[in-house]
Amino acid sequence: VPSPPPPPQELEEVQQWRGVCDLKLLEGNVLRWGGAAAMPRSVPQNNPPYNMGAFRFELTFSPHHPLEPPRARLLTSIYHPGVSKDGHVCQPLTSLHCWIRALTPPLTPRLARELGEQPETFWRRAEEHTRSHAEPRPQPPGS
């Protein structure tokens, strides 16, 4: 018997997370959430170039949630080896076959190779890509 989908109160809770903005149900479907992610600049591990913009995303929940993980997809183009060209995110922590610690292949091997062999080139290109494709960062409330 499938578990019920994530209730609206979970959506309200996630709407309060730092760095998540414009989170809402997509087409009124409780199993599809959309929003933008822009980590606050004050977070220590929030490093360039991804902190220069906001990235639109979609989460799709299984009707069997929470027994199956949600699937994440970035709608904003990003220069990252863990994201495929169509925005699918490598999710080792939320993949059914990877609930235990395991290595997973990058979704964009060319970028993974570039990051490993030419990190300066990778980070420069990632910054250029972020400046070209990411949305402007939202202003903090009250500013």
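**One lysine and what lies beyond**

A: Lys-24 is found in strand β1. The model is predicted, so read every value below as computed. Lys-24 is partly exposed because its relative accessibility is 42%, between the 20% and 50% cut-offs. Leave out residues up to four places away in sequence, and Lys-24 touches Leu-11, Arg-32, Trp-33 and Gly-34. Gly-35 is 11 residues from Lys-24 in sequence, yet their C-alpha atoms are 6.4 Å apart.

Next, the strand pairing. β1 covers residues 20-26 and is joined to β2 by five bridges. The two strands run antiparallel. The hairpin of β1 and β2 has two residues between the strands. Glu-27 takes a positive phi there, near 55°. On to the next strand: β2 is joined to β3 by six bridges, again in an antiparallel run. Here Trp-33 stands opposite Leu-59 in β3. In a regular strand, side chains alternate between the two faces of the sheet.

Trp-33 leads on to the aromatic rings. The structure holds five aromatic pairs. One of them joins Trp-33 and Phe-61, with 4.7 Å from centre to centre and 55° between the planes. That geometry is tilted, because 55° falls between the 30 and 60 degree limits. The pair links distant parts of the chain: Trp-33 sits in strand β2 (residues 29-37), Phe-61 in the loop between β3 and β4 (71-74), and 28 residues separate them. How buried are the two partners? Trp-33 has 2% relative accessibility and counts as buried. Phe-61 has 8% and counts as buried too, because the limit is under 20%.

A second pair takes us to the helix. Tyr-79 and Phe-122 also form a tilted pair, at 5.3 Å centre to centre and 40° between the planes. Tyr-79 lies in the loop between β4 and α2, and Phe-122 in helix α3, so this pair ties together parts 43 residues apart in sequence. Tyr-79 is buried at 9% relative accessible area. Phe-122 is buried at 1%. The two rings also belong to a cluster: ring pairs link Tyr-50, Phe-55, Tyr-79, Phe-122 and Trp-123.

Now helix α3 itself. It runs over residues 119-133, which makes 15 residues. From first C-alpha to last it reaches 21 Å, close to the 21 Å expected at 1.5 Å a residue. Which of its residues are buried? They are Thr-121, Phe-122, Ala-126, His-129 and Thr-130. Viewed down the axis of α3, these buried residues fall within an arc of 165°, so they line one face of the helix. The spacing has a simple basis: an α-helix has 3.6 residues a turn, so residues three or four places apart point the same way. The face turned away from the buried side carries the exposed residues Glu-120, Arg-131 and Ser-132. What covers the buried residues of α3 includes β3 (55-60) and α2 (109-117).

His-129 shows the buried side in detail. Its place is in helix α3. His-129 is buried because its relative accessible area is 18%, under the 20% limit. With neighbours within four places in sequence left aside, His-129 is in contact with Ser-77, Ile-78, Tyr-79 and Ala-134. Among these, Tyr-79 is the ring paired with Phe-122.

Ile-78 is another of those contacts. Ile-78 is found in the loop between β4 and α2. Its relative accessible area is 17%, and Ile-78 is buried. Setting aside neighbours within four places in sequence, Ile-78 is in contact with Tyr-50, Phe-55, Val-83 and His-129. Tyr-50 and Phe-55 are members of the aromatic cluster. Ile-78 and Glu-127 are 49 residues apart along the chain, with 9.6 Å between their C-alpha atoms.

Last, the cysteines. A search of the whole structure finds zero disulfides. Cys-21 is partly exposed at 22% relative accessibility. Cys-90 is partly exposed at 23%.

Note on methods:
Residues numbered from 1 in each chain as written. Predicted model: local features only at pLDDT ≥ 70, side-chain atom pairs only at ≥ 80, totals over all residues. Heavy atoms only, no water. Disulfide = S-S within 2.5 Å. Buried < 20%, exposed > 50% of the residue type's maximum accessible area, 1.4 Å probe, protein only. Helix = DSSP H or I, 4+ residues; strand = E, 2+ residues; numbered from the N terminus. Expected span 1.5 Å × (residues − 1). Arc of directions from axis to C-beta. Contact = heavy atoms within 4.5 Å. Phe/Tyr/Trp six-rings, centres within 6.5 Å; stacked < 30°, edge-to-face > 60°. Pairing = 2+ DSSP bridges.
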